[in-house]
Amino acid sequence: MTNVLFLILIPLIFAFISLLINQKLQKYFVIFGVLLVVLASIDIYYHQLLFSFVFNEYIHSIIKILDVILLFFFLYRGFIEKNKLVSIFASIQIVIFSIILLLPTTNNSYDLIIDNIAMTMFLVINIVGGIIIIYSLEYIKTENFSNFKKNSFISLLFLFLGVMNLLVSANSLEIFFFCFELTTLFSYLLIRYRLDNTAKENALRALWMNQIGGVAILVSLLMAILLYDTIFIDKILNIGDDLFLLIVALLALAAFVKGASNPFQSWLLGAMVAPTPVSAILHSATMVKIAPYLILKIAPAFSPFLSLSITLFGAFVFMVASLMALNKDFFKEILGLSTIALLGLMISVAAIQSHKAVEVCLMLIVFHAISKALLFMQAGILEKQFHLKNLSDINHLISHSKLLVFFILVGFASLTLPPFGAFFGKFFSIELFISLINENVLYIFPLVCILFGTVFLTILYFKVATKLLTKLNDTYETTKILPLYKYTSFALVFLLICGLILNFDFESLGIFEVSLPIALILFFGLFWYFSRFIKANIIKEYNCGEKDEFENSAFYIELKPIILDAIKYISIGLLVIMIVGSMI
Amino acid sequence: MIEILFFLIAPFVGGLIYGLERVVRARMQRRIGPPILQPFYDMFKLIQKEPFIVNQYHIIFGIFHFITLWIVVGMLIFGGNLLYVVFIHLFSTIFIILAGYSTKSIYSHIGSNRELLSILAYEPILILIASGFYLINGSFEISAIRESSHYLQTMPLLFLAMLLIVPIKLKKSPFDATEAHQEIVGGVEVEYSGVFFEFLYMAKWIEYIFIYMLVFLFAGDNIILGIVLCLIVFILVNLVDNATARVKINHLVKIALIIGLVLSVLNIFGIVYV
């Protein structure tokens with residue numbers, strides 16, 4: 001019990017401390033704080049303590065007051081920045097929320113429920129998020145801001161962890177809504193951190209898009225109170241057959257908004273203007289992971305129709321987002337689109353209501369978080385130490401820093417190849433869809449989408465990876481990666497290796513098949529490290545005698561505007577079908 | 001026992017098929033052609049050559065490609081999870097792509113790029129074929145797939161889709177843009193020489209075994225049918241190779257993908273409903 005409150009409160013306390021303390025001491029305090037939350041989350045997971053908890057009335061009132069303040073703050077921002085959409089959505093939310101405040105509610109369930117899903121999410125949020133916070137200590141040091149602003153960056157990241165911890169344990173929709181809006185607020189503040197024009201613009205876009213999710217949650221909350229007199233997720237799930245499905249469908253819509261699924265993807269791509277640790281924490285451990293988490297949570301209430309349509313929607317997003325990424329040149333944008341894609345995959349798996357689907361989805365969530373954090377951290381290093389942002393500028397990186405190439409390759413390989421967890425997640429989800437075809441042949445459409453998504457992502461990652469490898473035979477200078485960057489990256493690689501053990505839990509693959517790629521990777525690693533071709537003579541490239549001066553050549557698949565429009569309309573259409581279908 | 005033996009001699013069987021293929025192709029063009037053992041003569045000669053390398057990574061990736069491909073064939077022979085085999089095969093292809101990019105040679109890069117794009121063409125189809133087997137058998141286990149037969153009746157369209165991707169993997173015209181000797185001088189192969197080229201050469205032979213074993217799977221437990229199928233595919237592929245001209249890589253992807261996808265999806269609908 002205390003552990004969970006600990007997880008929620010410790011980040012808040014450390015956020016406060018890191019705001020005030022001076023730079024030198026801050027480092028040790030932050031590392032100490034991260035260690036505390038990491039240990040607490042491991043402790044909860046280790047003891048598997050399932051429990052539930054009720055807040056007393058005062059806390060309920062405080063949360064309601066904070067909610068109102070938050071909504072008025074959004075309205076105020078919309079007014080100041082003269083952004084109509086922000087003000088409109090904020091006012092809609094204020095109206096609905098005041099209706100909800102007027103309605104009497106009965107407290108017939110628990111405010112917080114910690115189940116297995118929440119425990120796994122704690123691990124992801126605190127360990128991966130914590131490592132990113134330590135990394136951002138180094139990153140933010142070289143930025144050109146006042147000390148207070150640098151401190152506030154760290155404390156915002158800590159607050160993010162605390163709020164996410166509360167969000168994943170929330171059972172009451174009211175508290176869930178509160179956390180949802182808080183993450184919207186934090187992402188808004190972090191995206192506009194640099195305070196230039198694009199940053200402000202993108203932050204506002206993130207704000208209004210995320211508020212759509214807020215509106216959706218409020219509407220479903222209102223309906224839940226009016227129709228079933230409850231504000232608790234577990235009660236809604238237990239209503240059974242006569243459940244009005246629109247409630248769940250709207251919650252799913254809120255999840256898609258947070259997960260930046262296709263019609264809403266522009267807010268997450270706009271978040272690139274923020275300092276890189278923000279992208280790292282948004283993409284891996286926090287914010288966007290709300291999407292698969294929420295779907296996992298509400299999946300037991302889905303009707304077959306809703307389940308199929310969400311699965312199809314997620315698979316479609318997986319395919320198109322990875323296709324769009326093939327055309328991008330900005331390294332962070334490529335990573336961002338691939339996040340959107342993989343979130344689509346997680347959503348589509350989560351929407352299948354089977355025990356195995358939950359397991360596969362959690363696996364994807366965990367390993368995607370680790371790999372994405374690793375990759376975004378490398379993007380930050382590329383930016384800070386090598387001054388590289390675009391794919392077309394990254395050439396023969398391996399001649400300058402082998403370690404960085406190693407990290408990036410591990411990041412990509414861990415998302416696509418055996419023996420890493422994310423690969424097995426994808427593998428099992430493909431298997432899952434194939435086995436579903438026998439029950440309902442329509443599942444072939446999500447299957448085909450997922451196959452394409454998988455292949456697109458593979459060729460995307462290795463297109464990027466190939467840019468790094470071209471080795472020069474001339475002399476060159478090497479750059480050393482700063483220690484804090486290096487250790488945090490190694491920590492994530494270590495987590496990936498720890499994750500290999502998890503793969504042995506699955507029955508459908510034998511021990512031989514799982515351990516084979518591990519053996520291969522070990523063998524290749526040793527071979528790579530020890531092999532020296534002393535007897536061979538090193539020569540220049542033959543290249544058919546041609547002396548073309550060229551830099552590395554990668555392909556880009558350009559999509560015509562009409563196709564992009566079509567993608568947008570199809571995904572909006574799928575959403576409309578989902579919502580209309582759930583009303584009937 | 002016989003499986004272990006076959007696993008060990010797999011590259012050499014592949015070499016024999018390759019030699020035979022050169023003879024057959026020559027006869028189709030009314031030439032006499034090289035002796036069947038010509039690939040092995042090439043091999044001995046390559047080993048004797050003085051070793052030259054461009055850089056270490058290039059060579060290491062080439063060797064890794066060879067080893068993983070051999071393991072893939074091993075998994076096909078000993079019987080594993082078919083879907084998994086397809087993915088490990090992808091793993092091996094990734095190595096050759098990385099190898100192509102690790103030198104600063106334009107032909108090598110173009111070859112790698114095309115190899116990468118051709119994954120897009122055949123990978124979804126291979127997985128759909130695997131799912132076809134799953135829908136009939138309820139299992140991806142190759143040993144289970146080998147126990148029953150009549151796959152040709154139940155998945156004829158998937159077999160046609162398979163025929164489409166055979167030339168892509170074997171680098172046969174019209175789908176040989178990844179290698180295209182006259183155009184990009186062998187693509188990825190161009191910077192290898194001597195004994196190191198030998199690894200790539202043998203990897204190519206193993207690719208033959210991989211593809212023909214997949215074709216063999218369609219026969220199920222009927223070994224004679226399997227041999228007949230392989231022979232038909234062998235002759236057909238070489239006939240088409242002699243009779244057609246190369247298509248561009250983007251056309252390759254479009255043709256193979258669209259036709260293959262439509263065929264396989266139709267077939268899967270058929271399996272579920274019929």
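**Close-up views of a two-chain model**

**View 1. Where chain B meets chain A.** In this predicted model, 49 residues of chain B are in contact with 47 residues of chain A (contact: C-beta atoms, placed from the backbone, lie within 7 Å). Helices (H or I, at least four residues) and strands (E, at least two) are DSSP runs, numbered from the N terminus. H5(B) gives the most to this side, with 14 residues.

**View 2. Two strands side by side.** Here, strand E3 (residues 537-538) of chain A and E1(B) pair in the parallel sense over two bridges; pairing requires that DSSP finds at least two bridges between the strands. Look for A:Asn537, whose bridge partner in E1(B) is B:Phe52.

**View 3. A loop residue, A:Glu541.** You will find A:Glu541 in the loop between E3 and helix H22 (561-583) of chain A. Its contacts, not counting residues up to four places away in sequence, are B:Val54, B:Thr103, B:Lys104, B:Ser105 and B:Glu191. A:Glu541 counts as partly exposed because it has 18 C-beta neighbours inside 10 Å (buried means 20 or more other C-beta atoms within 10 Å, exposed 12 or fewer, partly exposed in between).

**Reading the labels.** Residues are numbered from 1 along each chain as its sequence is written, while chains are lettered from A and ligands numbered from 1 in the order in which they are written. Local features need pLDDT of at least 70, side-chain atom pairs count only at pLDDT 80 or more, and totals for chains, interfaces and linings use all residues.

Conventions. Contact = placed C-beta atoms within 7 Å.
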